[in-house]
Amino acid sequence: MSDPDETVDVAIVGGGPAGLAAATELRRHGVARVLVLEREAEAGGIPRHCGHYPFGMREFHRLLRGPDYAARLVRRAEAAGAVIRTGTTVTGLGPDGRLSVCDDRGTATVTARAVLLATGVRETSRAARLIGGEKPGGILPTGALQGLVYLNHQKPFDRPVIIGSELVAFSALLTCRHAGIRPVAIIEAGDRATARWPVPLLARFLGIPFLARTRLEAIHGTRRVEGIDLAGATGERSLQADGVIVTGQFRPEASLLREGGLRIDPATGGPEVDGWGRLSDPAYFAAGNLLRGVETAGWSWAEGRRAASAIAAHLRGDLPEGDRSAPIALDHAALKFAMPQILPMAPAEGRGLAPFLQIRLATPARGRLCLWQGDRIIAYRRLNHRPEQRILMPLPTIDPNAPPPRLTIEPS
Ligand SMILES: Cc1cc2nc3c(=O)[nH]c(=O)nc-3n(C[C@H](O)[C@H](O)[C@H](O)COP(=O)(O)OP(=O)(O)OC[C@H]3O[C@@H](n4cnc5c(N)ncnc54)[C@H](O)[C@@H]3O)c2cc1C
């Protein structure tokens, strides 16, 4: 710890794509003291563990493997003049940008004029997924698999099953391929893959069976996984497998928010933010996967850059006061979340979190997605989407004197 009570202009919690993009951009905006606090021994976030392509198209206009991409982001932030302090965990968020931090030398305080939270996501545990059966070795979430394969050069199993078909399941498939592991099948409870086309074609291309409308009922084995029981549309069956890779169901890494008394949106599991990415304490901003669960690295990177523009405006005193309206109400069972939750009262484009609302569904739906204030529709778009697909709607401004905004799905 260089200084037990340090003061900076902007502290960034989390050195993944969102945090590093923001650090670089803040320096480009002329912000003098930008400090990235990263708990791992190296910055770079999740891509550091993903030794496969494709990363970097949006950011570097070339295809890179995850670790090369992460290293480039680090170099760019350092070259811009940001300080990256690794091995440093933020343990508490106080009012007015006062952070409690600790490293192997002890604890300290960092006070910042603004703080960007970019702590990413964590995976849902096996227990929380209610998977039955014994608890043998060889059951891994994707992040742990990637750590073993790419960082430790281990091959934890030969013939695992992959549970889930979000984008990250296909990242697991590429990781298996890299390690010479051949999955027995990909298991999906829904009637088709959750990841957007053409990602699911990868399973077919590699000759891995994709079992839709199928649930994992139980895992068997004493020391190691020996097999699994499945229940599907055509009845029950068993498969021999020596491992299980559980993918998806990521939740924002929001423990700091809870401790710090910052408002959390139960729908996203991340912070409640306004059109500038500001939290309920306006000294705090958020970007990347912390906002709503897993998006691509390029998307999180772009959010980090936009958050930096908003923070630079905040430091110049150019952002409107944190005058917060009521959050958007979700008024249809198929709606999972809408973010930002607090809509601006003046156009946020160019300065804010994003010029659009990000929406996700819990179940497939079609019709017209309508945003209301009272009996007036203030924005709408056509809808024919599945869960986890990215749905965007131009970010509307709201009338502070009209009733709170309400999102519905109407028949088309
Ligand atoms: C398993 C997996 C595979 C993926 N594969 C792909 C892929 O192939 N292609 C693609 O485009 N995207 C992929 N993604 C998505 C992509 O990696 C993420 O969207 C991107 O990394 C998000 O960036 P981020 O900065 O928001 O968070 P992260 O990359 O998660 O970075 C967050 C950082 O915050 C740090 N941190 C957390 N809490 C604290 C704290 N209290 N104090 C200090 N530091 C803290 C963490 O150590 C981490 O380094 C994958 C995601 C996962 C989970």
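Me: At what angle do the axes of α1 and helix α3 cross?
Reply: In this predicted model, helix α3 comprises residues 66–80. The axes of α1 and α3 come within 8 Å of each other. Their crossing angle is roughly 25 degrees.

Me: Are α1 and α3 roughly parallel or oblique to each other?
Reply: The two axes cross at roughly 25 degrees. Angles under 35 degrees count as roughly parallel. The relation of α1 to α3 is therefore roughly parallel.

Me: Which residues of α3 does α1 meet?
Reply: The crossing of these two helices is left-handed. From α1, the contact involves Pro17, Leu20, Ala21, Ala23, Thr24, Arg27 and Arg28. Their counterparts in α3 are Leu73, Val74, Arg76, Ala77 and Ala80.

Me: How many residues in the contact of α1 with α3 are nonpolar?
Reply: Leu20 of α1 and Leu73 of α3 are among the residues that meet there. The contact has 1 polar and 3 charged residues. Its nonpolar residues number 8.

Me: Are α1 and α8 roughly parallel or oblique to each other?
Reply: The axes of α1 and α8 come within 7 Å and cross at roughly 40 degrees. Angles under 35 degrees count as roughly parallel, and those from 65 to 115 as roughly perpendicular. The relation of α1 to α8 is therefore oblique.

Me: Is the crossing of α1 and α8 left-handed or right-handed?
Reply: The crossing of α1 and α3 is left-handed. For α1 and α8, by contrast, the crossing is right-handed.

Me: How many residues in the contact of α1 with α8 are charged?
Reply: On the α1 side the contact includes Pro17, Ala18 and Glu25, and on the α8 side it includes Trp301, Glu303 and Arg305. By class, 11 residues of this contact are nonpolar and 4 are polar. The charged residues number 3.

Me: Which helices and strand each supply at least two residues of the shell around the ligand?
Reply: The ligand is surrounded by 36 residues, and the closest are Gly14, Gly16, Gly45, Gly120 and Gly288. The shell has 14 nonpolar, 17 polar and 5 charged residues. The elements that each supply at least two of its residues are α1 (17–28), β4 (89–94), α4 (142–151), α5 (167–179) and α8 (297–316).

Me: From which domains does the shell around the ligand draw at least three residues each?
Reply: The domain assignment gives domain 1 (5–122 + 250–316), domain 2 (125–246) and domain 3 (329–410). The C-alpha centres of domain 2 and domain 3 lie 34 Å apart. The shell draws at least three residues from each of domain 1 and domain 2.

Methods
Residues numbered from 1 in each chain as written. Predicted model: local features only at pLDDT ≥ 70, side-chain atom pairs only at ≥ 80, totals over all residues. Near = placed C-beta within 6 Å. Helix = DSSP H or I, 4+ residues; strand = E, 2+ residues; numbered from the N terminus. Nonpolar A, V, L, I, M, F, W, Y, C, P; charged D, E, K, R; others polar. Domains from an automatic or database assignment. Axes fitted to C-alpha atoms, helices over the stretch in contact; angles between N-to-C directions. Parallel < 35°, antiparallel > 145°, perpendicular 65-115°, else oblique. Left-handed = near helix turned anticlockwise from the far one by under 90°. Contact = placed C-beta atoms within 7 Å.
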